[in-house]
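Please keep the sequence and the three-dimensional view at hand while reading.

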Amino acid sequence: MPINVPIFLTWLRIAMIPLVVGLFYIPDAWMSVGVRDTLAAVAFIVAALTDWFDGWLARRWNQTSAFGAFLDPVADKLMVCAALIVLLDLSRVDAFISLIIIGREITISALREWMAKIGASASVAVHRLGKFKTAAQMVAIPCLLYNQKLWGVDARLLGNWLILLAAVLTVWSMLYYLQRAWPAIREKAG
């Protein structure tokens, strides 16, 4: 396993998941809800920024690796799924939206693994729809974690709209990836 700064940042993102989740187990007597929600949102934003930064560094410093390419999306999915479960527990996101997003992540991860095994991974390469979906999620989730007004903007309302957009983009991108993979699926299954 190679160790470099981009991979370290990916591991850091994974290590931040218990921090974001753990904040919601701190007794209210120790910390106000507003402070807790702010810290959770900030921690999520920092983790999300490491996602962009580790990829940028890996490309810039020519430190890309098969392990990094594997670990980076796993870290993203773990972070998003953990945050959605917390938000579901707090009744800040609908169960159906959480199931759509988490179900898509599992489905597309399995599809990519299978397509790689049959030598057709290019057909399910990352597409801009997936990038737009990720961007909507990465803005929606901290808004829902924060759950307060920020500079006169209701972060909860913005988060609700963006998570709904993310759910629509989630379904759209999943259908896109499945459609792209369908010829290989039909050939190997038949």
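Which residues does Ile163 touch, not counting residues up to four places away in sequence? In this predicted model, Ile163 touches Leu84, Val93, Ile97, Ile101, Ala140, Ile141 and Leu144.

**The largest nonpolar core**

- The largest nonpolar core has 35 residues, and those that touch the most other members are Phe44, Met79, Leu84, Ile141, Leu145 and Ile163.
- At least two residues of this core come from each of α1 (5-22), α2 (33-60), α3 (66-89), α4 (95-117), α5 (128-146) and α6 (155-189).
- With eight residues, α3 gives the most to this core.
- Because domain 1 (1-91) and domain 2 (93-189) both give residues to the core, it lies between them.
- In soluble globular proteins, nonpolar side chains tend to be buried together.

**A second core**

- There is also a second, separate core of 14 residues.
- Its members include Ile108, Leu111, Leu129 and Ala166.

**Overall architecture**

- The protein contains six helices and two strands.
- Followed along the sequence, these elements give the pattern α-α-α-α-α-β-β-α.
- The radius of gyration is 18 Å, close to the 16 Å that the globule rule gives for 190 residues, so the protein is as compact as a globular protein of that length.
- The C-alpha trace spans about 60 × 35 × 25 Å along its principal axes.
- Of the 190 residues, 44% count as buried.
- Among contacts with a separation of 6 or more, 75% are between residues 24 or more positions apart.

**Helix α5**

- Helix α5 has 19 residues, and the distance from its first C-alpha to its last is 27 Å.
- That reach is close to the 27 Å expected at 1.5 Å a residue.
- Asn147 follows α5, and the phi of Asn147 is positive, near 60°.

**Confidence of the prediction**

- The average pLDDT of the protein is 88, and 96% of the residues score at least 70.
- Among the elements, α5 has the highest mean pLDDT (91), whereas strand β1 (residues 149-150) has the lowest (87).

Methods. Residues are numbered from 1 along each chain as its sequence is written. This is a predicted model: local features need pLDDT of at least 70, side-chain atom pairs count only at pLDDT 80 or more; totals for chains, interfaces and linings use all residues. Side-chain values use heavy atoms; hydrogens and water are left out. A nonpolar core is a set of buried Ala, Val, Leu, Ile, Met, Phe, Trp, Tyr and Cys residues joined through side-chain atoms within 4.5 Å. Buried means under 20% relative accessible area, exposed over 50%, partly exposed in between (1.4 Å probe, protein chains only). Helices (H or I, at least four residues) and strands (E, at least two) are DSSP runs, numbered from the N terminus. Domain bounds come from an automatic or database domain assignment. Contact means heavy atoms within 4.5 Å. pLDDT is the predictor's confidence in each residue, from 0 to 100. The expected span of a helix is 1.5 Å times one less than its number of residues. The radius of gyration is taken over C-alpha atoms; the globule rule is 2.2 Å times the number of residues to the power 0.38.
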